[in-house]
Number of protein chains: 2
Amino acid sequence: MVFNRVTPKLVERLRAAVGADCVHVDDESLLLHASDETEDFVFRPEVVVVPRAADAVAHVMRLATEYRVPVTPRGAGTGLSGGALPVHGGIVLATKNLGRILEIDRENLMAVVEPGVITQVFQEAVEAVGLFYPVDPASRGSCFLGGNLAECSGGPRAVKYGVTKDFVTGIEAVLPDGTLVHHGGKLLKNVTGYNLTQLIVGSEGTLAIVTKIYLRLLPLPNHRVMLLAPFKSLEEPARAVPAIMHAGVVPSVLEFMERDAVEITERHLGKSFPHAEAAAHLMIELDGNDEGVIAREAERVAEIVLAHGATDVLLADTDAKMGGLWAMRRAFGAAVKSESVYKEEDTVVPRNQLVALVKGVKEIAARHGLRTVCYGHAGDGNLHVNILKMDMSEERWNTALDPAIREIFALTVTLGGLISGEHGIGYVQKDYMPIAYTSEEIALMRAIKRAFDPMGILNPGKLLPSAGAD
Amino acid sequence: MVFNRVTPKLVERLRAAVGADCVHVDDESLLLHASDETEDFVFRPEVVVVPRAADAVAHVMRLATEYRVPVTPRGAGTGLSGGALPVHGGIVLATKNLGRILEIDRENLMAVVEPGVITQVFQEAVEAVGLFYPVDPASRGSCFLGGNLAECSGGPRAVKYGVTKDFVTGIEAVLPDGTLVHHGGKLLKNVTGYNLTQLIVGSEGTLAIVTKIYLRLLPLPNHRVMLLAPFKSLEEPARAVPAIMHAGVVPSVLEFMERDAVEITERHLGKSFPHAEAAAHLMIELDGNDEGVIAREAERVAEIVLAHGATDVLLADTDAKMGGLWAMRRAFGAAVKSESVYKEEDTVVPRNQLVALVKGVKEIAARHGLRTVCYGHAGDGNLHVNILKMDMSEERWNTALDPAIREIFALTVTLGGLISGEHGIGYVQKDYMPIAYTSEEIALMRAIKRAFDPMGILNPGKLLPSAGAD
């Protein structure tokens, strides 16, 4: 793809189109939109546009098409695969001025939102009227629903409730040429033509820019308890996970964390965690509308984890106790980041392959002389593998990292898994796509991309491998 | 699209490719594959192929591509939108020899199946090991899981559990050029590239032929009760539906049926139904693992329907009683079909718009002198509108029908709905697509079709409007 640079004339036309106060070319704005939460990448855009309405987004895309300038959509910039990095410069189109909750509809258990709504703000708004939006990324305090949609965010509750795609029932979106399209709505059933909604969810802003989202809601469960179970090995908790599901209990949360994740986070937060010396923990939450049922399920889960080697089972049944554990769990990412230069891989396998994955990751890392810290959503087989540089030389790090990652991804595929569960492919994993897909499968994805974006101006350099890499 | 006819040479090569016993050109076979359950259409294919393996399907598609001959995939032929009709002749590729349940995996709560498995056979196989596949089309005794996937079948339990797309986590499929592709697997989370699985689910066999399906399962609920509530008007039950959801109870089934549907089915089955004289009924099922919780929910639902005008609430709490009601409900389609020449529309609206939809349909039908019988899945706003010819003259029927359908569909769109909830667009609704979508939206769908099928040989004449109709 050959793109043009942003010219003063284009900036002037953008200002006329969306309002001068929504177009920024100052150094500070450009730098602020040059990075996201992915490692330490910096790619400066040439102009930042923050439209206030869908038709303004459409106008920006028409101009980008006319000038053949790349556009990188951006939510809150909390992504972990570089989806919001303007790797080809051009325009960053940020959605922070599209931040309204348009409707919470209690009769249809649906909400209609703009993409720039902060996930936690939305969760709290629906909970205030007795409803529940279960998708709960660790960055919920700052990430946007639009970014969640673009990446198909998951989080810890996916084991029971599913991921973002399972809640999006419709969208309004702007295509790369500026056409505004609608699909779906407040509908649980819809087979009217191809499922554009489900194709666009998780497409990482490479097919369209979403300007309105229809989200399904649930009644808010009244009760919730959490169990914390320490283990002496990494394999025992991984084995307990399928046993819990096999028993017919579906926890709302089923998290795995190894000792290093807990210790690093204790240091980072200056707080202590129960049984921090354990090799690994399972953190298990049960929710529902009947206290008695939950108590019985909790007892059953406790029996199973004890039978699988847990050395204790701690019960957290108050908001304060559960809140403390959640604060710890949500800080893992930031804690690892503060510990060392690192690279995070978002592996996913069938949940009963978690034992093999954890053992395999440790063996591969050891062979390459790399330290790994693993934690993640054991209930859905989604393990975040953090590879830490620590005091390794730059040269050795650069030599060891790529072959180790390739081995880890090859292992996930062998185990029936794939290379990203919820962070997306984005900029940092795209050249690993051929580990997961054949060249024909990648060619099909390229053809889908061309169907939406024949000029390739929307979020170029993401999701699909660099030309030639497949 | 210009296609070639099937030549004797092609038949010979098909025989060599998939085995002579899997290729049929006799009259009986051709006629058997000329119709599905959609009205009374007959389109004879030129050859019927019933491959036994995915690589045989791939071989057929390579030959079809080489000879530029259309291929119509067919499951059990129970579709209601003509998806399996070979409207351009050519090859019918039937999946009945791909009928194995490959695996029921209790640790991962997943199953792997071939497309030709009968839905009820699969439901019973998973229930035998304490698991649950909730998607429950009325034709479950004969329809195939592959057809359910192609149409994104729904059924009565969608209000609580979702539709086919919510259970498909991966596929193996053959593209029109014969390429075998995989996507997803036994994975609850997967953001590795574009969501080919979700794009192919509901694409009505126009993008690819699915040869293997990964399905998510749930633990089987232990308890179930059903309530039957008769009403004196059509509007009262439609108003009760959002009130039930508003109260925080999510029934596993929430069906609406008007008197005519019940009466026609009584005649058809020679059985009687309680309160058959009521203007309409709600049939409500609650399920779960705790009898006490279900009893409390049933009481709450009974209060709500009584407050909304129900004249009685009957409780069915044995398998026999519930089975009798289900047999009645599942017979509606066949009963209507036996009553008269008819046309069924599969409207869907947000559930709180059901009152407006029912009233509007009756008003439109009356104005056009047409009789309608309405029933459907009230909990998800999916109303099946059956328009009956009865003793109307052929000429008047042909004149009145199309404008009435256009008005009904325009109404659903005005109410925030769409023109098919679970039956698909197929052959019979395709020229109504411009009521639901702009020409740009349809152009985008055409571009997606071309990305998969540049020669247009796979299930031509379905889903997208005839050239020029948009």
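Rings of Phe, Tyr and Trp (its six-membered ring) are taken to pair if their centres lie within 6.5 Å, with planes under 30 degrees apart counted as stacked, over 60 as edge-to-face and the rest as tilted. In this predicted model, local features need pLDDT of at least 70 and side-chain atom pairs count only at pLDDT 80 or more, whereas totals for chains, interfaces and linings use all residues. Residues are numbered from 1 along each chain as its sequence is written, and side-chain values use heavy atoms, with hydrogens and water left out.

One aromatic cluster is formed by A:Phe41, A:Phe43 and A:Tyr427, and the structure holds 16 aromatic pairs over all chains. Among them is the edge-to-face pair of A:Phe332 and A:Tyr375, with 4.9 Å centre to centre and 70° between the planes. Because A:Phe332 belongs to helix α12 (residues 332–339) of chain A and A:Tyr375 to strand β17 (residues 371–377) of chain A, this pair ties together parts that are 43 residues apart in sequence; helices (H or I, at least four residues) and strands (E, at least two) are DSSP runs, numbered from the N terminus. Both A:Phe332 and A:Tyr375 are buried, that is, under 20% relative accessible area, where exposed means over 50% and partly exposed in between (1.4 Å probe, protein chains only).

A charge is placed over a ring if NZ of Lys or CZ of Arg is within 6 Å of the ring centre and within 35 degrees of the ring normal. In chain A, the charged end of A:Arg216 sits over the ring of A:Phe167, 4.6 Å from its centre, and in chain B the charged end of B:Arg216 sits over the ring of B:Phe167, 4.6 Å from its centre.

How values were computed:
Chains are lettered from A and ligands numbered from 1 in the order in which they are written.
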